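Hi,

Here's the model I promised to pass along.

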Amino acid sequence: MPSFSSIDDAEKGHADEIYSVDSHDSAPTLVYHEAQKKSLGQANFATIQLALPSKELSAKELALIRGPTKKPASSWVKFRLWYNAYKRFFTIAFLFNFISLLCAATGRWQYPRDYTGAWILGNLLFAILVRTELFGRILYAVLNAAFAKWPPLWFRLGISSSLQHLGGIHSGCASSAIMWLIFKVSLVFKDHFNLHNAILAMGVMTNLAVGFALLSALPWVRNNHHNVFERYHRSFGWLGLVFTWVFVFLGDSYDSTTKTFHPGRVVHQQDFWFCLFMTVLIILPWLTVRRVPVQIEIPSSKVAIIKLDRGMQQGLICRISHGPLWEYHAFGTISEGVASKTHYLIAGVQGDFTRSLVDNPPTHLWTRQLRFAAVGNSSTLYRRGVRVCTGTGLGACLSTCLQNPNWYLLWMGSDQEKTFGPTISNLIKKNLYPNRVTLWDSKARGTRPDSVKIIKDIYQAWGAEVVIITSNAQGNKEMTEGLTAAGIPNFGTLWDF
């Protein structure tokens, strides 16, 4: 049995090594050479060959592969990775709305000035639509079915990139809605002599609620205070929805000439229908929330393996919680296919929620039965690919390789078998070993890998079209920069669920 290993920290690092990877159809064999003869000035050089999985290296062997070298990425590569499709979507959505608002404010375009409410709600509707599980699953399914393997690679890469970064539309439209809402309230106050005070009050309250929802979703809050984001983004979002309904009802039913309300007029306005569709999209995912039985396997103090009923297609994200409303946590699903009776989640112990799974394993958890699709779900677009992960990132990667024989797994970690236990190890051994997996055990080998070098060689040997990476922030940055600089198409980790 091979030695599998991993912790949640990305096993990145570098080793100054040169190795070859043999054949498209068999597991790569890593052949390490001592380092270049000229640079060391030595006459004789031993070759270390490590058939995968690796054996433990001696101190003499380790001395041959240590000595980190790191070439920094160019400014152009860093800019390309920073200004990704997410930011491009955001730029397009926000700039379009900003220019439209300027035209409305200066009187050059009368329509958005007369129907500001429709612009607010239209933006909110699009922001919510791209975040709805059902819409995402339909979009992935249609594009995967229509464009699998046959179009040019650049086109398929564009599809995956767009699907992965739909959040840019969400944030761009939501930010624009706030901008339009402020403009709307300013118009209301400008015309306050002709409007009821309740309309003014609800305009301010709606602005505050939606504004706080936006602030709680800022990247710094999401990344450093996830529970704060979950609780306040959701609660202020719901409150904003209620206030929006009241604001729409009051504003569209009020007749400034007679100073009276006419409720029957509301259904004839664009605002009402935008608001109605937005509400349906918000409620829809919550109709799939269920309390489901789970089995918790604790192979080590660092990891909990969560077993749930029914099989899943690859590339899906599962959200779980101790309660039906608050603090949902997202994990990649591991399943051998839709016909399987079970699927698994890997939870690395990092915070209060995951610690509770180890300290006090529950028998039931709350989850949305309709899973969220991630970029791995678009792996069917490609003829061959490499799935790279570190530590608990395996949870988001393994299903792709289990369900698609044209995908190769590279898993870097430390003492994986002991850390993750027999369930995960047996899935890999049964389905991938020895022809479609490379495992780097940093504890057994005594050093962290030159991850970019390994990926490059596997990519070439496997005849892959794309590499998809799941790692922590530092490991993700290192690998995506290295691969992008080498001209290898790749998708990094996204913390935007």
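This is a predicted model: local features need pLDDT of at least 70, side-chain atom pairs count only at pLDDT 80 or more; totals for chains, interfaces and linings use all residues.

Numbering starts from 1 along each chain as its sequence is written, and side-chain values use heavy atoms, leaving out hydrogens and water.

The sheet is open, with five parallel strands in the order β15-β14-β13-β16-β17. (Strands are DSSP E runs of at least two residues, helices H or I runs of at least four, both numbered from the N terminus; two strands pair if DSSP finds at least two bridges between them.) At the edges, pairing on one side only, sit β15 (437-441) and β17 (490-491). Two bridges join β16 (residues 466-470) to β17, and I468 is the residue opposite F491.

Helix α19 (residues 473-485) packs on this sheet, touching β13 (385-390), β14, β16 and β17.

Now the cores, meaning sets of buried Ala, Val, Leu, Ile, Met, Phe, Trp, Tyr and Cys residues joined through side-chain atoms within 4.5 Å, where buried is under 20% relative accessible area with a 1.4 Å probe, protein chains only. The largest has 35 residues, and L394, L398, L409, W411 and I424 touch the most other members. Helix α15 (residues 394-403) gives the largest share, five residues. A second, separate core has 31 residues, including M179 and V248.

Cheers

Key:
Contact means heavy atoms within 4.5 Å. Axes are lines fitted to C-alpha atoms, for helices over the stretch in contact, and angles run from 0 to 180 degrees between N-to-C directions. Buried means under 20% relative accessible area, exposed over 50%, partly exposed in between (1.4 Å probe, protein chains only).
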